[in-house]
Amino acid sequence: MSETKTRRTEIMIETHSLTIIKMSQRTPTNFVYCRNCQMKTAFFGASAATLIFRVTTAEIERLLQTGQIHTNEGSALCGNSLAEYFKNEVRFVQD
Ligand SMILES: [Zn+2]
């Protein structure tokens, strides 16, 4: 009779990510009330969004058209909707 050893390995993969976006006073970003989210959030330009979320401007355009991300009267993008779409926990910090 041979001895059987059972080894159990549990692998847990942490997929949660946290992005902290620091807003400097030089960055043309401000905290604006988003009518869609019904909360104050950081708004920034499309070029900043592509850098933060590593997406192309074409992708941003597509998301805007499908209403998955919000925009204000100007062309600034709602940071909250972007964070929600990309499933990132984003904290906006003002300098
Ligand atoms: Zn929004």
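**View A. The aromatic cluster of F53, Y85 and F86.** In this predicted model, F53, Y85 and F86 are joined into a cluster by ring pairs, where rings of Phe, Tyr and Trp (its six-membered ring) pair if their centres lie within 6.5 Å, and planes under 30 degrees apart count as stacked, over 60 as edge-to-face and the rest as tilted. By this rule there are 2 aromatic pairs. The rings of F53 and F86 are stacked, because their centres are 5.2 Å apart and their planes stand at 20°. Since F53 belongs to helix α1 (residues 46-53) and F86 to the loop between α3 (79-85) and β5 (89-94), this pair ties together parts 33 residues apart in sequence; helices (H or I, at least four residues) and strands (E, at least two) are DSSP runs, numbered from the N terminus.

**View B. Y85 against F86, and the burial of the rings.** Both F53 and F86 are buried (under 20% relative accessible area, with exposed over 50% and partly exposed in between; 1.4 Å probe, protein chains only). Y85 and F86 form an edge-to-face pair, 4.9 Å centre to centre with 90° between the planes, and Y85, at 29% relative accessibility, counts as partly exposed.

**View C. The zinc site.** C34 (SG), C37 (SG), H70 (ND1) and C78 (SG) coordinate the zinc ion at 2.1 to 2.3 Å, donors being N, O and S atoms within 2.8 Å of the metal (3.2 Å for Na, K and Ca), with water not among the atoms, so sites may look incomplete. The arrangement is tetrahedral because the 4 donor atoms subtend angles of 101 to 117° (for four donors, all angles between 85 and 135 degrees). H70 counts as buried, at 15% relative accessibility.

**Notes.** Residues are numbered from 1 along each chain as its sequence is written, and side-chain values use heavy atoms, leaving out hydrogens and water. As the model is predicted, local features need pLDDT of at least 70 and side-chain atom pairs count only at pLDDT 80 or more, whereas totals for chains, interfaces and linings use all residues.

Terms used: Tetrahedral: all angles 85-135°; square planar, octahedral: opposite > 155°, others 65-115°.
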